[in-house]
Amino acid sequence: MNALRRDAAPAPIDPASLPDARKYLIFAVMAFGQFMALIDIQIVAASLNDVQAGLSAGPTEISWVQTGYLMAELVMIPFSAFLAQALSTRWLFALSAGLFTLASALCGATWDIDSMIAFRVLQGFVGGAMIPTVFATGFALFSGAQRAMIPAILGMIAVLAPTLGPTVGGWLTDAFGWRSIFYVNIVPGIAVTVLAASLIRVDRPDLSLLRRIDYAHLAAMAAFLGGLEYVLEEGPRYDWFDDPAVAAAGWIAFVGLLLFLERSRNSAGPIVRLTPFRSPTFVFACVFNLVIGFGLYSATYLIPLFLGRVRGYDSLQIGTTVFVTGIAQILSVVIAARLSQRVDPRRMIAVGLGLFAASLWSTSFLTSEWGFWSLALPQALRGFSIMLCIVPSVTLALSGFAAAELRYASGLFNLMRNLGGAIGIAVVTTWLQDNTRGNVARIGESLGEANRHAPDAIAALAAHVTQWTADASQALLIAQGEFARVVARQALTLAFNDVFRLMAWLFIAALVLVPFCRPATVSAQAPADTH
């Protein structure tokens, strides 16, 4: 009887044996789903003021529209490997896309800030499954020269989507209102859901895993990643652990981490397997991806901030200026893919990290007059170099795995980039605040030294203001205020330079690690699942 059951069991699917046309179509559908999930990270960034006004929300409440999405997405990314085994890639991706579309519609129809936060958390959680799943499926579908394009294409999407998010969101809000940034997902989301359910046949489900799920492990991971994301998002705003809520989240994250590690080691059915970390190559690739995420998301955050706070650019001018990075990324995709087939990935990532460090260092000479043309070359260099970093890091991370372990490696690897971005934005925000205060103090000290010209400059400015007001005391106050704004502007510009220089040193430190990395032996490709 047992033999009969074994004979009746369906044969495992080998995704690599599918026709090329079907493989490309599956990959295109999944890559577009990943793009939807990633662009929605930042699509509300330029529209938060409109959302806040539309929902009558406070400044503290509105920040949770972003924070809630990121926290939920961060939890789902490593969890998706377990769900892909239990439900199959087909149904996990279809459910993820379908629920993401539903959550987008609910966000557009939201009636107050509490419902918006709840639906954004749902949107981030269900959408997070699409991000690592497409990486693992792409590596299972393709081999050789075809596989070399996978990290290049997905790397471009991972970089380009968050970069385009604020520009697309700002344009939609200006043209159709803030609710349109959520409704725009409905039609493509339905298409991805239907196509995923009808096309993706790369593995089989094992529903028995759902009966053995370790809920303590899941809760510990959610507490760890959610608490960590809260600390990183809210810490710079509330002076870190001096704030009781941030301190409490830090303790929750710490306890969650300890329990998560204990369950990962001792659980009979862990939801996240840490076995990929047994590979030294995978560990190095994750370190590189952490640094890449730090630099990528931090630079994407800092340049618009500089243009808005120092130059006074509006959202359209900012979008036009930073779009140079996206153009360079697109142009470098084919180059990076071809080099990955001919060049040792360690040499390639060494060049990428070096060029990224050079782009950050060249940006550290900002003046308060820098605009489109001054930033064009450093941004183009950064856009070109990021693909030379991402493509070999993906190759180093995932090429040594086959079967189900590839899913866990993909989830953990993608988690590192998102964690790097969250850590990076929190750290550079703190650096910027501290360095600005230090620069204001130093400029004030220098203006107070002997032979100072500040009083003469203020007097000359006050005399100029008297052309519009006859009140000399009022003119002096206006002149002092304007002089203070000039000092603050220069102090902030110098702080941006300090931060970019520190980031450059971080990439140089990562560059030093490259010689110690050894490419993993590529195991024979097994079917994506044997269930």
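Reply: Helices are DSSP runs of H or I of at least four residues and strands are runs of E of at least two, both numbered from the N terminus. On that basis the protein chain has 21 helices and zero strands. This is a predicted model, in which local features need pLDDT of at least 70 and side-chain atom pairs count only at pLDDT 80 or more, while totals for chains, interfaces and linings use all residues. Residues are numbered from 1 along each chain as its sequence is written, and side-chain values use heavy atoms, with hydrogens and water left out.

As background, 53% of the 531 residues of the protein chain count as buried (under 20% relative accessible area, with exposed over 50% and partly exposed in between, for a 1.4 Å probe and protein chains only). When contacts (heavy atoms within 4.5 Å) are taken between residues at least 6 apart in sequence, 85% of them join residues at least 24 apart.

H6 spans residues 89-108, and its axis comes within 11 Å of that of helix H2 (residues 20-42), the two crossing at roughly 40 degrees. Such axes are lines fitted to C-alpha atoms, for helices over the stretch in contact, and the angle runs from 0 to 180 degrees between N-to-C directions. H2 and H6 are therefore oblique to each other (under 35 degrees counts as roughly parallel, over 145 as roughly antiparallel, 65 to 115 as roughly perpendicular, and the rest as oblique). On the H2 side, Val29, Met30, Gly33, Met36, Ala37 and Asp40 take part, and they meet Thr89, Phe93 and Phe100 of H6. By class, these residues divide into six nonpolar, two polar and one charged (Ala, Val, Leu, Ile, Met, Phe, Trp, Tyr, Cys and Pro count as nonpolar, Asp, Glu, Lys and Arg as charged, and the others, Gly among them, as polar).

Helix H5 (residues 64-87) approaches H6 as well, with axes that come within 8 Å and cross at roughly 150 degrees, so H5 and H6 are roughly antiparallel to each other. Here Tyr69, Ser80, Leu83, Ala84 and Leu87 from H5 meet Thr89, Trp91, Leu92, Leu95 and Phe100 from H6. This contact has eight nonpolar, two polar and no charged residues. In the loop between H5 and H6 lies Ser88, which has a positive phi of about 90 degrees although it is not a glycine, and which counts as buried at 2% relative accessibility.

Asn185, in the loop between helix H10 (180-183) and H11, is itself buried, with a relative accessible area of 5%. Leaving aside neighbours within four places in sequence, Asn185 is in contact with Met36, Asp40, Phe100, Thr101, Ser104 and Gln123. Of these, Met36 and Asp40 also take part on the H2 side of the contact with H6, and Phe100 on the H6 side.

Elsewhere in the chain, helix H14 (residues 244-266) has Val246, Ala249, Ala253, Gly256, Phe260 and Ser264 buried, and helix H13 (215-234) is included in what covers them. Gly227, in H13, is buried at 11% relative accessibility. Apart from neighbours within four places in sequence, Gly227 is in contact with Ala222, Ala249 and Ala253. The C-alpha atoms of Gly227 and Met71 are separated by 8.1 Å, although these residues are 156 residues apart along the chain.

A further pairing across the sequence involves Val394, in helix H18 (residues 372-398), which is buried with a relative accessible area of 1%. Its C-alpha atom is separated by 8.9 Å from that of Phe135, 259 residues apart along the chain. Not counting residues up to four places away in sequence, Val394 touches Phe135, Phe139, Pro151, Ser399 and Phe413.
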